[in-house]
Amino acid sequence: MFAKILLSLTLLCCRLAFAQGSVLLVGGGSENYNDWSDEPYRWLVEHAPNRNILILDYSSPSSFLPNYFKSLGATNATNLVINSRAMANDSTTYRALLAADGFFLRGGDQWQYVSLWKGTLAEQALRQAFQRGAVLGGTSAGAMALSEIVFDARTTSVDSRQALRAPLNAGITLTDDFLRLVPNTLVDTHFHERGRLGRLLAMLAVYHNAKQRWVNGLGVDDRTALGISSDGSAEVFGSGVVALLRATESTQYRVQTAKPLSLSHIAYAQMTKGFRFDLQTGQILFVPPSALRYTLELFVAFENALIIDGSDQTTDWLASAGSVNKFLATLAPTDTVGIISSPATPNAAQTLATHLSQRNVPHHLLWLDTNTKNSATLAQQIAACDGFVFVGNQLDSLGVFLFQSLAGYALQTQRHSNIPLLFLGDDAKFAGEMVVGQTEFSTTAAYRGRLTLTSALQSLPAIIMPRAWQNADYHENRMCGLFWGIAKTDAHYGILLDAGAHLQGTAMRAQVFGNTPAIFANAARAEWIDFSTYRASNSAGPRQSAALTNVMLHVVAPEQQFDFFQGEPVQVEARAAHTPKEFSLHQNFPNPFNPTTTIAYELPRRARVTLKLYNLLGEEVATLVDNEQVAAGRHTAIWNGRNRFGQPVASGVYWYRMQAGEFVRVKKMALVR
């Protein structure tokens with residue numbers, strides 16, 4: 001009861017902080033007449049009681065904004081530059097600020113606002129104006145300066161890669177005693193445009209580590225705005241998304257000096273124009289009529305051993321702890337590797353083939369394009385392989401080749417025998433449910449509606465985005481593309497995998513290796529999706545920004561594992577990083593069970609496996625693994641309590657029998673309906 005009372009008082013205090021004024025947070029981007037900025041900037045004018053607007057800056061006046069605000073209904077709009085602490089403490093400045101009831105802080109460097117204005121008469125005047133009902137807005141750095149917690153960039157800017165790899169060493173500096181107009185909140189702008197999801201997650205963890213207090217994160221896209229009314233309700237305007245990040249009761253984190261970030265169970269929602277929500281509770285107050293309910297796609301998992309590498313550099317792939325060595329460790333010395341690649345971009349495949357030749361590894365270069373997709377020779381070569389590497393493919397056409405061709409049929413047949421698969425560079429996308437293509441087509445592909453969706457191999461129930469923070473020119477395409485792809489396909493997960501990092505495991509569980517943590521977005525319980533309708537001039541389609549609510553984010557550090565069945569990070573088992581020393585069959589879990597249970601088994605080397613279930617009369621009930629080649633390692637099979645005809649079986653005791661070569665084991669289980 002006490003906890004509920006305390007929470008109510010906290011929320012009441014937060015709302016009282018809004019009781020007098022309102023705030024407009026703009027994510028950056030140039031304003032223009034009859035464009036995205038009209039609606040939010042008019043909102044600011046209308047929330048100024050007398051419509052008397054001051055445009056504030058620390059360096060130079062704006063030649064555009066005064067007339068622009070007047071065109072939107074301001075009775076007066078003028079510039080005021082406060083470029084020194086002396087001017088910020090001048091009584092003339094103080095009186096000029098108190099005479100206005102609408103303020104707009106321009107972009108630039110938030111440390112200039114903090115260092116020049118904090119503790120001065122200018123700050124006092126802005127707070128007094130706000131308390132009597134004024135509206136304060138800002139764009140980019142100006143918006144960041146309005147939140148209670150300000151990433152002040154005192155010593156350096158910070159990118160997501162730095163923040164994820166070592167948050168305590170990345171130069172994250174935070175100010176929590178300036179203006180504080182948006183309580184319990186840390187704002188970041190240019191959110192997807194500059195790939196700032198990783199750094200916002202890191203900043204929230206760093207702040208909690210220092211203050212033992214969670215605050216909300218707000219990420220605002222460029223050419224996008226959030227209007228926050230005096231009661232704490234917030235409305236999204238503009239062309240992109242506003243993202244809300246909130247800690248939950250299950251949130252756990254680890255930040256240590258020179259160590260990567262680990263952070264789990266952060267509630268996440270990103271919303272497009274028209275969404276309204278309560279800033280403090282995260283409750284959605286209004287959903288636009290265009291929004292749709294999220295419908296999770298059914299996904300059938302295969303037990304292939306998977307390695308998915310987020311890098312496009314051969315030096316990363318071929319390093320001693322790199323993905324190629326780990327892939328080869330899943331094969332027998334005499335096994336043949338198939339390298340599937342496009343002859344139009346052959347360099348990476350040829351480099352890999354040379355490496356395999358030097359190590360005397362049998363392999364085939366499998367050139368796949370329109371001319372070869374129905375080649376009987378190519379299909380025969382695919383059928384002779386014991387593992388496959390995907391590298392250097394044209395992803396927009398690869399999905400078509402592999403699902404509508406003789407070569408594709410041969411690969412699908414091989415895949416069903418659970419052979420190991422390695423995906424390198426951009427081909428990592430092909431391991432997921434669908435491929436988000438054209439992310440490197442141009443720097444504005446997502447903004448101008450040029451991203452594509454094509455078929456993938458569906459080895460993982462996810463949209464996968466490799467090279468996540470490699471080359472800042474393409475941050476927007478990758479960040480927008482990930483969530484747009486999830487929303488378009490109703491995928492279970494989204495995965496941001498940076499260059500220099502890779503995943504190893506199966507569709508049940510995967511471990512992260514490399515330098516940068518991976519970010520997993522669990523959309524299994526997502527509620528609403530919607531899509532931006534904003535079209536910039538000369539665009540192929542609307543901006544590819546998607547609303548997606550009720551998602552859970554997890555930052556999984558290297559050497560940690562993510563369980564796709566549970567939908568969250570799990571502890572790494574002591575033996576998980578090593579090949580088992582002997583064959584074993586584990587007791588099913590849970591036991592007794594209803595309606596499903598999981599059976600785990602381990603193989604010290606690649607073997608043909610059969611796993612069948614029998615009733616007490618010795619009659620075969622179901623086959624879970626049917627004489628399939630399975631790679632060395634730990635594997636799982638799930639039984640849904642149905643027979644081989646798909647009919648539910650009765651409660652009772654059942655036996656399950658595994659055979660792998662000469663190894664045979666039998667255990668019993670109990671089904672209780």
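Q: Two strands pair if DSSP finds at least two bridges between them; with that settled, which residue in β37 is the bridge partner of L603?
A: The bridge partner of L603 in β37 is G633. Strands are DSSP runs of E with at least two residues, helices are runs of H or I with at least four, and both are numbered from the N terminus. This is a predicted model, in which local features need pLDDT of at least 70 and side-chain atom pairs count only at pLDDT 80 or more, while totals for chains, interfaces and linings use all residues. Residues are numbered from 1 along each chain as its sequence is written, and side-chain values use heavy atoms, with hydrogens and water left out.

Q: How many bridges join β34 to β37?
A: Seven bridges join these antiparallel strands. They belong to an open, antiparallel sheet of three strands in the order β33-β34-β37. β33 and β37 (633-639) are at the edges with a single partner strand each, so one side of each has no neighbour in the sheet.

Q: And N591, where is that?
A: N591 is in the loop between β33 (584-585) and β34 (597-603). N591 counts as partly exposed because its relative accessibility is 34%; buried means under 20%, exposed over 50% and partly exposed in between, with a 1.4 Å probe and protein chains only.

Q: What does N591 touch?
A: Leaving aside residues up to four places away in sequence, N591 touches K668, M669 and A670, where contact means heavy atoms within 4.5 Å. The C-alpha atoms of N591 and M669 are separated by 6.3 Å, although the two residues are 78 apart along the chain.

Q: Changing topic, which residues touch the most other members of the largest nonpolar core?
A: L97, F103, W117, L197 and L245 do, in a core of 105 residues. Such a core is a set of buried Ala, Val, Leu, Ile, Met, Phe, Trp, Tyr and Cys residues joined through side-chain atoms within 4.5 Å. Helix α10 (residues 197-211) gives the most to this core, with nine residues. A second, separate core has 43 residues, including I340 and L366.

Q: How do β18 and β19 pair?
A: β18 (residues 337-341) and β19 (residues 363-367) pair in the parallel sense over five bridges, with I339 opposite L365 in β19. Together with helix α13 (residues 347-358), the two strands make a right-handed β-α-β unit: with the strands pointing away from the viewer, the path from the first strand over the helix to the second runs clockwise.

Conventions. Two strands pair if DSSP finds at least two bridges between them.
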